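Hi there,

Here is the structure I promised to pass on to you.

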Amino acid sequence: MTTLAWWLIRAQFLSRRTATALSMLAIALGVSLGYAIHLINDAALADFSRAMKSVQGEPDAIIVPRDSAGHVPLALIDEIAGDESVALVAPVIETRVRLGRVPTAVKLIGIDVFSAALLMPTLLPREGAATSGGIFDGGLYASPSLLDDQGLRVGAGATVIRGESRWETHIAGDLPAMAAGEALLVADIAWVQAHFGPREGVGELRVRLMPGSHAEAWRAVWAKRLPPGLDIRAAADNAARISNISRAYRVNLNVLAMVALLTGAFLVFATQLTAVAQRSTQFALLGVLGLPPRMRLLQVLFEGLAIGLPGSALGLLLGYGMAVGFTRVMGGDLGGGFFAASTPTIAPELLPGLGFFILGCGASLMGALYPAWLNRIQPLAQALKTGFAQRPPGQASPAIHGRRLMLLAVAAAIPLLISLPAIDDLPLAGYAAIALVLVLGIAAAPVATNLAFGAMARAALPAPLRIAVQNVLQAPLMAQVAASGLIVSFALTVSMVTMVASFRTALDQWLDAVLPAPHYMRSKGLPLPAELLAAIERPDAPFARIERMATGSLSLDPRRPPAALLVREIDRADPGARLPFTGAVQAAPEGRITVWVSEALQEVHGLRTGQALHLPLLGRDVEVHIGGVWRDYARQFGAVVMSTGDYRALGGRFEVTDLALWPRPGSEDAARRWLATEAARHGIESAESGDIRRISLSIFDKSFAVTYALEAAAMLIGLFGLAVTLAASVWLRARELATLSALGFDRAMLARAVVFEGALIALVGLALGLAAGIAVGAILTHVVNPQAFHWRMPLHVPWNQVLPIALATLAAGMLASRFAARQATRLPAAQVLAGAQ
Amino acid sequence: MLSIVGLSKRHPGALRPLFSELRFAIGTGEVVALVGESGVGKSTLLNCIAGLELADAGEIRVGPDALDMLRLDETARAALRATRIGFVFQAFHVLPTLTVAQNIAIPLLLSGVTPAEHPARIESLLLRVGLAGFGPRWPATLSGGELQRVAIARALVHRPALILADEPTGNLDPRTADEVLTVLLERVRDQHAGALIVTHSQHVAQCCDRILTLTPDGLE
Ligand SMILES: Nc1ncnc2c1ncn2[C@@H]1O[C@H](COP(=O)(O)OP(=O)(O)OP(=O)(O)O)[C@@H](O)[C@H]1O
Ligand SMILES: [Mg+2]
């Protein structure tokens, strides 16, 4: 039996090489995409955790301020050290500084050498040969990568700068245990505090508990006892938060992988269905010879599996290759900007690999299921006499009735799903709604083909066209399969194009609103040098207007990444001049601190304009008034804008990190030159709004490039499905066509009939695909994106892209049917009529 | 080899039964011709005997221990065909994607004959139907008469108790038809199988041991 199964599989593959190879490739594509995303993310996370562990050690608890301007008071250190469960408390100050004229910011970690020796041994320094005095005696210790990259020498003098603070010191040694690629400086915590603050405290506490104590319980107890501005966390929370950051992005890529797998399943379906149809007499004969009925089912499933097994194996290989290639080119976040620009090492993973392998095989089995069932129920005697029966005899009417009911239920479920909230930040209901829209589109295919071809049948048509129409009406299965392939692939393409275009249009308009000034200057994560700020205000500086901003962060929920705090020189009476508000703005009440929150923050925490909100600010809990909600496509985890006046009133220090600059009229060129010199002198970034805009849009385009490639693949697969099914349906009618040619139709007329049929089917598929695609695009923009990224945008259907794609598809579909027609009419009529097998 | 008692069949939706209360038997080594007007139900009768279609009532017993086809489920009917029945069609039905030898090997695979025996059995049958050396060839390169001889070899290779043939020479010219029929009759007789051959040819019918005529009123 296995010998026979193997013979049949081999014969099937040999006679349908292209179809088989393409189905395999589609399955491989889905598997590889899923596996690659998984590998890359795992490697990036592992990389991140490793780096985290090396600078943080493995404490049982970390106590941190909730906002970037807060600190851990010194008194708390003694209090915690006095707790009898505590073995060790390590105070740490982490800050970012600039080293002399080196144009990048470097992380500086201040540690207490005795506690660090036990908790964070990788941070322990090695004294350079040339230095004198005790370890940590007012010197800097640099990681080997930093020394190499910046060409620094142990023993050389160094100037450490942050905002207005300077520290003249020297490089006293290196950090031998630090992994390659890690650029950081270590110094004694007292020196760091003396020069860069915080004055009355430290940046964070890392706590190691006595052996046998219960860390979680301990953290819970202390969470209640801590002063309001502080959070207590487990070390592992950091990795979890990072994983959260990239999750939405990953989920979307995974959906693309799923789509690829589903199109693979569809290709297997189309290939196997036509294969079953073409071989119906062969299977009937085998049945007559005594092939057990269940083997007619299994054989088709085997063939599906024979596509899935090598396809999935190839997919794993490709996925591994892709993961390695992508991380080389784009880094661990595929250009998403979530992880530092490191290149993680990709290692193949057995269990997830097996999972994706099974998924690939499952998809191809799924595709083979219906054809296998159809093959199983073919009536043997009849199949031998007249060939493939598209419909199981005597089942038509109840099935159609049931289908109508099912369609109604599906249609009713969609609005319901759309209104459901995200589960754990994942828009699962939205994805289900998308799947249902596609199901609905496919299920509408029979109705639509009947409508289109029924209307045609009533029209007065030339004979060849009449034959084509009649054929589809009599035997609609192949037409429906061909149409469904196009429906799905065109719907996916239209939806993706729509989603991307909506997003891009919205981003474009948003950039206009948030970049009012011609020039911007910023210094990533540390205050701008005081020298520069002074220079820019001198009367000879070519600027008419300057707006300053300070950035910080605050944590509203310890399980989520922190939100950005933007302190801006903004007019409290007219914030709309600078922020693109999504709704009404409420005037700031006199004497109350007012903030304007971004859409993401509003969605995550369910905020309203006009309500009061408690924010951790400057180590305190401050009640603020929400004056409005503004759109922000830049900070996915939310942002809070506050005026400098309000921030100063709270007692905050306004340390400028960003500048918006308007040159004096007429001195645009002078301004450009001025900025270029100053930026180079202080090693900071300066950009024109046009550049920022161009770069932003190009990053956007780059991160969606993958989707364009997948759209192209989907369209090819859809077209191929059309070609395969048309060719098969023509092939099945070879005898009929030969009869017609014996009756006096010439080849050209027959070919025209087939092309006409293909065009009509393609039109039906494209129309339904367009409708489904716009619906899916709307769900993506209005449901999935807001739930996954908390970004809203208006729907924008790019007809200038959709229509050309539709026309090209139609043309390609007609070409495919022409090819099918040629194949069929090339057979000598006499041979076909003689029934030669 | 075959005994039929009280067999009736009416197609769904048909006004009157095609045949009812049929009764006949075929003995070991006996070759019976079945003739009758077109549309009278000859092919249907053959299909019922092979278990491809289900009769409405009656008994169909095949083989030495006389298993009743009507009492078996679909899988068991397939197994019965695989072991006890050989089928020959008017339209040859040789699988184009398998070689001649592979086509003939199908019944051996289905009836579970040990693979070691296959080559010898196939070769000797090919020799006896006059196709020595044709094993590795593809069906597309064979003539109609040769294809039908492949089909005959395939129907006999697993030594079935009963051969059913539906107009086996209908697609062949008279001379080739004669050759093919001779081969078929010789092989059936030297394997001591029973055979039921549907035919429109007077000549073919004459070559058989017995002639049954199916009419709307029954067998004559
Ligand atoms: N599946 C079916 N459903 C309904 N009627 C059928 C079916 N198959 C055959 N018939 C009818 O049964 C009758 C007998 O058909 P059958 O094929 O057995 O005839 P036959 O004797 O073999 O004819 P011929 O010599 O032309 O081959 C015919 O009238 C045919 O119309
Ligand atoms: Mg007949």
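Predicted model: local features only at pLDDT ≥ 70, side-chain atom pairs only at ≥ 80, totals over all residues.

Chain A is divided into four parts: domain 1 (1–57 + 243–396), domain 2 (59–234), domain 3 (406–516 + 692–837) and domain 4 (524–683). Between the C-alpha centres of domain 1 and domain 4 of chain A there are 50 Å.

Helix 9 of chain A (residues 280–288) is largely enclosed by the rest of the structure, because nine of its nine residues are buried. Among them are Ser280(A), Thr281(A) and Gln282(A), as well as Phe283(A) and Leu286(A). After helix 9 of chain A comes Gly290(A), with a positive phi near 110°.

On the surface, Leu22(A), Leu25(A), Leu314(A) and Leu318(A) form a nonpolar patch with about 300 Å² of accessible area together. Helix 2 (17–56) and helix 10 (293–330) of chain A each supply at least two residues of that patch. Leu25(A) belongs to helix 2 of chain A, and its 45% relative accessibility makes it partly exposed.

Arg206(A) may interest you too: this residue sits in strand 11 (residues 204–209) of chain A and is buried, at 1% relative accessible area. The Arg206(A) side chain makes polar contacts with the side chains of Glu94(A), at 3.3 Å, and Glu204(A), at 3.0 Å. Beyond its neighbours within four places in sequence, Arg206(A) is in contact with residues including Val55(A), Pro59(A), Leu88(A), Leu119(A) and Met120(A).

Conventions. Residues numbered from 1 in each chain as written. Chains lettered and ligands numbered in written order. Heavy atoms only, no water. Buried < 20%, exposed > 50% of the residue type's maximum accessible area, 1.4 Å probe, protein only. Helix = DSSP H or I, 4+ residues; strand = E, 2+ residues; numbered from the N terminus. Patch = residues over 30% accessible without salt bridge, like charges linked within 9 Å, V, L, I, M, F, W, Y side chains within 5 Å. Areas by Shrake-Rupley, 256 points an atom, 1.4 Å probe, with all protein chains shown as cover. Salt bridge = Lys/Arg side-chain N within 4 Å of Asp/Glu carboxyl O. Domains from an automatic or database assignment. Polar contact = N/O pair within 3.5 Å; in protein donor to acceptor, adjacent residues only side chain to side chain. Contact = heavy atoms within 4.5 Å.
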